[in-house]
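Open the model in your viewer and keep the selection tool at hand. The tour below goes from one selection to the next and says what is found at each.

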Amino acid sequence: MSDARDALAFLRANRDRHLRELRAFIAIPSVSTLAEHRDDVRRAADWLAVRLSTIGMTDVKVLPTRGHPVVYGEWLRAGRTAPTVLIYGHYDVQPVDPLELWTMPPFVPEQRGDHLYGRGASDMKGQVAASLNAVEAVMHTGALPVNIKWLLEGEEEIGSEHLGEFIRAHKRQLACDFCLNPDAGMLAPDKPTITTGLRGLAYFELKVFGPTKDLHSGMFGGVVHNPAQVLAELIAGMHDRHGKVTLPGFYERVRPLGRVEREAFRRLPVSDRQLRAVTGAPKLWGEPKFLSAERIGARPTLEVNGLLSGFTGDGSKTVLPAVAMAKLSCRLVPDQTPRETERQLRTYLKLRAPKTIRWTLTALHSADPVLTDPDSPGVRALAAALQATWGKRPYFKREGGSIGAVGLLRQHLGIDSVLTGFGLPDDAIHSPNERLHLPTWQRGTEALARLFSSCG
Ligand code: BES
Ligand code: MN
């Protein structure tokens, strides 16, 4: 077992360089969903490959998929009897819009006080950099007691569409004891967290078609059913007055929460006041019988992610639109499945849609809900590393976000993920002015260095 002390000293001595490198990584606008950023996504992959090689990884490759590439690297010199950790990360980021709400250009990272601002700073280039820096530090100051493999994808933010295929084609290469996934965040700067569950996701595009072209709303209003109105009514019917989703059978497979689980949720330091502060919403909303932490971690939802129809520019236009479109998604919990959710949504639409319109539903992407083992060797090693770093035991929490890779690794390789991360609730991930709390990032990096020097 190597001593983490030297690794921690290395991290402190290299802080400025590591920060410069993180800024360079964030400066690459690797927005996976936008075709115009394809080359930037590729540049981020290349940047990572160079960094992996520099810290001494072998067999570093940027491997193509039918979408954005996967970056792979390994270091297997700890030997056959040592455990192997697969470190997962994603180097793609969300779009920046609405751009006008950013107080700086999203890809020109800017440090203000303790925060580094920029798209992807927290989700999750900062977390990938923390992992790289921690491995570098342990390797530099003595031999790593564990074998390391890297699985760095460029399509997490668009549903990891080609990752399943990739994992199936690289089973041998990805074989490991567990996957470390630092994409799940933590509760607060003084509350190290291990995440034991993620919600799944089923994402859809719903289109409602009426007349064959946009019409004069005076000449035809009153005889042609307005698709925007129909879409609004369909959407409005998807929840009841108590915040429950009305799709037929939606809750049938939802595992009820046991007494012990509810007790654990009740003990979590998640307050409605903090949620109001972070979101700025005037009042919280949701199923009244469940605590906020339960509604986020253990209850399914249906959200409208976007709406488009008719005239939305400045001024006015008297139009009866030909189409209306909504982006809808459901967050799922065990044992719901994306496929069954799609069937339920189709059934709902068949029952409710009037004959005056035509509709189409397209499933865009999905992720399975997951629960991870809260007491595996990997979790124990991470818990010890977090405790050594923060001086307190980590919190265990089920999170509301989704990460496709976790379900895919389990499905195709039977591998469990150890979920953690050093992003904070007020990092504004996916929002304007995303930021990373640098002291927490550095602490998290130290915790990972402790993990890698101990888990042999
Ligand atoms: N890091 C997040 C997921 C996350 C957020 C986990 C908060 C735990 C707490 C990840 O990058 C993400 O945003 N995932 C997408 C996945 C989707 C597109 C399949 C999500 O959850 O919307
Ligand atoms: Mn994200």
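The model is a predicted one.

**Strand S1.** Select residues 58-63, which form strand S1, and pick out Asp 59 within that strand. Asp 59 is not a glycine, yet its phi is positive, at about 55 degrees.

**Ligand 1.** Next, select ligand 1 and show its surroundings. Which residues are the closest to ligand 1? They are Asp 123, Glu 156, Asp 183, Arg 331 and His 430, out of 16 residues that surround the ligand. By type, this shell is made up of six charged, six polar and four nonpolar residues. Colour the two domains to see that domain 1 (5-198 + 369-454) and domain 2 (201-251 + 300-367) each supply at least three residues to the shell.

In His 430, an N or O atom of the side chain is 2.8 Å from an oxygen atom of ligand 1. For His 90, a polar side-chain atom lies 3.1 Å from an oxygen atom of the ligand. Glu 157 likewise places a polar side-chain atom 3.1 Å from a ligand oxygen. On its own, ligand 1 has 520 Å² of accessible area, and the protein covers 88% of it.

**The manganese ion.** Move to ligand 2, the manganese ion. What coordinates the manganese ion? The protein donors are an OD atom of Asp 123, OE atoms of Glu 157 and NE2 of His 430, at 1.9 to 2.6 Å. The site is irregular, with angles of 53 to 157 degrees among six donor atoms. Along the sequence, the donor residues follow the spacing D-x33-E-x272-H. Asp 123 belongs to helix H4 (residues 121-140) and Glu 157 to the loop between strand S6 (147-153) and helix H5 (163-169), so this pair ties together parts that are 34 residues apart in sequence.

**Two cis peptide bonds.** Stay at Asp 123 and select the next residue as well. The peptide bond from Asp 123 to Met 124 is cis, and its omega is near -15 degrees. Met 124 is also part of helix H4.

For the last stop, select Pro 334 and Asp 335. The bond that joins Pro 334 to Asp 335 is cis too, with omega near 0 degrees. Asp 335 sits in the loop between strand S13 (323-332) and helix H12 (338-352).

Key:
Residues numbered from 1 in each chain as written. Chains lettered and ligands numbered in written order. Predicted model: local features only at pLDDT ≥ 70, side-chain atom pairs only at ≥ 80, totals over all residues. Heavy atoms only, no water. Near = heavy atom within 4 Å. Polar contact = N/O pair within 3.5 Å; in protein donor to acceptor, adjacent residues only side chain to side chain. Areas by Shrake-Rupley, 256 points an atom, 1.4 Å probe, with all protein chains shown as cover. Nonpolar A, V, L, I, M, F, W, Y, C, P; charged D, E, K, R; others polar. Domains from an automatic or database assignment. Donors = N, O, S within 2.8 Å, 3.2 Å for Na, K, Ca; no water. Tetrahedral: all angles 85-135°; square planar, octahedral: opposite > 155°, others 65-115°. Helix = DSSP H or I, 4+ residues; strand = E, 2+ residues; numbered from the N terminus.
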